[in-house]
Amino acid sequence: MTATEIAAVRLPTGGLAHDVRAVKIVLRREMLRFVNDHTRLVSSLAQPILFLFVLGTGLGSVVKNAIPGVDYRTFIYPGVLAMTVITTAMFSAGSIVWDREFGFLREMLVAPVSRGAIVIGKCLGGAMVATAQGVVILAMAGLVGVPYSPGLILTLLAEMLLAAFTITAFGTLLAAGMKNMQTFFGIMQMAIMPMIFLSGAMYPLANLPAWLHVLTVVNPLTYAVDPMREAVFGHLTVEPQVLALLNPGITWFGWRLPVWFELVIVALIGFTLLQLAIARFRRTE
Amino acid sequence: MNAVEVAGLRKSYGKVEAVRGISFDVAHGEVFGFLGPNGAGKSTTISMLCTLSNPTGGSARVGGHDVVKERDEVRRNIGLVFQDPTLDSYLTAEQNLLFHAELYGVPKSVVNERLRQVMEMVALWDRRDSKVSTFSGGMKRRLEIARGLLHSPRVLFLDEPTVGLDPQTRSAIWGYINELRRTEDITIFMTTHYMDEAEYCDRIAIIDHGEIVVIDSPEALKASVGKDRVQIHTSDDQAAIAALKERFDLDAAVHDGAVTFAVASGEEFVPRLFAGLGLPITGVSVHRPTLDDVFMNYTGSTIRDAEEESGGMNQMMRARLRR
């Protein structure tokens, strides 16, 4: 380049195409970070694997007689899938707090692009990363007696993606006002454990005491776990009375919710949380 | 059209008035510097001009757009280099810039060419595939300057571009900024509390306690002071100040640990001083007017004195500005 050649001012145009580019690059960064961070990749798999193979095997030998024909590990498999996705999605959302601490959030927030594009990119990125992590668990299906059927795999993938998106939106909303990682992880632990315990990931939703039934029904995560369980049991051959015990679905005052309705609930919650997160980010700075 | 137009701009945080109604214009193509001690209101002003915080009063236009009413327009027109780093250290230098290009909507057809241009300008092209976490402080700042230019803005804001860097790196950064003036159609607005850096500006605004004290070119400012600055070391500073007043009719004060005063021609005065002061002098120095003297002339204190005095307030401001 010669010294006389002066680079002209070239202003970006803005508009929808620009927002789409912003969504895509925020999403891509999320994926890059995930692929580069091997520690996180391994560590967020440890917990689900412990639950599935250690707790599942240990507890399974106790409850073997209560559920004839079904391995306890097969039963908790969809729950463990959900757990994997949720933990990874929350971690992704938590990176916002990290970005704030290290200044990068500022680079994003001062850009001439809508806050909505940034939040959507973040949530989609978190959802895809979490689903990718779920795929690792999905690959272990055969080890716990779940068949590798293409239909089942596709259904589970779609359901994981939806659940992950909603959880990332939740995490993003949570992270929006937070200034340090410790606080975020503290709150994250406080939110995740009860949600998993009350979701039917570890035990069937049938014949619960009234108080526990109410708590499971108001827990949003329940609506993400049940469709996965329905999908898995749809591909198993199980005695009807065992099926009724292990896969009773979610009931509202005796009405059993159809799977599509549960998915719509998850999607609606996700959409609402996303809107709230966007609004929250519009107000900052 | 001026690149920046500011009229009666104010900012208060509760009862604290950080910026108290400042007005100035920056012409197209100019390098304009805000000079003042930490806590004088420099960063507050820059964050208002960059649409990061809303003014409490007054108005400002950047690149012809109102900073409050046309926020996105202003943002499209400006490049920003913050005091604190805002790079993703897990990504490579190139990935950081690509992220920026997408976020700012740089036309796809020019991204690669422009990327190379700005990275070569700051001599980081060879390091484009290195993770930013492996970069030194100076390299990070250079990368941020390149990033601020990537989308070819009309106005580049540099908030203390060399703070925390060693002298060698500082002068290298200034080399790049000077180079910019030749290669880019750009206006530069910067803040600094280093006097020697203010010399690089076309015009300087001296800001103190949230108000602009004076605006002019460095040369004109130095000429306006006119006098030389003499500093003497004595065993009894108070007696020396009294003697200077009594025998030479000079107003002296202690600054930076020495009795300091201004006289028309310092070298000629020193022999008279030794002969007539009546007190032993252990050391003497004579300075031609510098921006330090300009600053002292207009604000009544050296920039270092001012910083010590406002240290607490400055920390509070920084805490507020950091998010």
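The crossing of α3(A) and α9(A) is right-handed, meaning that the near helix is turned clockwise from the far one by less than a right angle. The model is predicted; local features need pLDDT of at least 70, side-chain atom pairs count only at pLDDT 80 or more, and totals for chains, interfaces and linings use all residues. Residues are numbered from 1 along each chain as its sequence is written, with chains lettered from A and ligands numbered from 1 in the order in which they are written.

Helix α9 of chain A covers residues 222-234. Its axis and that of α3(A) come within 8 Å and cross at roughly 140 degrees. Axes are lines fitted to C-alpha atoms, for helices over the stretch in contact, and angles run from 0 to 180 degrees between N-to-C directions. Contact requires C-beta atoms, placed from the backbone, within 7 Å. This contact of α3(A) with α9(A) has eight nonpolar, one polar and one charged residues. Ala, Val, Leu, Ile, Met, Phe, Trp, Tyr, Cys and Pro count as nonpolar, Asp, Glu, Lys and Arg as charged, and the others, Gly among them, as polar.

α3(A) (residues 72-101) also packs against α2(A) (residues 38-63). Their axes come within 9 Å and cross at roughly 155 degrees. α2(A) and α3(A) are therefore roughly antiparallel to each other. Their crossing is right-handed. Among the residues that meet are A:Phe51 and A:Leu52 in α2(A) and A:Val80 and A:Met83 in α3(A). The residues of this contact divide into 11 nonpolar, eight polar and two charged.

The largest nonpolar core has 147 residues. Such a core is a set of buried Ala, Val, Leu, Ile, Met, Phe, Trp, Tyr and Cys residues joined through C-beta atoms within 7 Å. A residue is buried if 20 or more other C-beta atoms lie within 10 Å of its own. A:Ala82, B:Ala146 and B:Phe157 have the most contacts inside the core. Its largest share, 16 residues, comes from α3(A). Another core, of eight residues, lies apart from it and includes B:Val230 and B:Phe261.

Chain B has 13 helices and 14 strands, taken as DSSP runs (H or I, at least four residues; E, at least two) numbered from the N terminus. Buried residues make up 45% of its 323 residues.

Conventions:
A residue is buried if 20 or more other C-beta atoms lie within 10 Å of its own, exposed if 12 or fewer, and partly exposed in between; C-beta atoms are placed from the backbone. Angles under 35 degrees count as roughly parallel, over 145 as roughly antiparallel, 65 to 115 as roughly perpendicular and the rest as oblique. Two residues are in contact if their C-beta atoms, placed from the backbone, lie within 7 Å.
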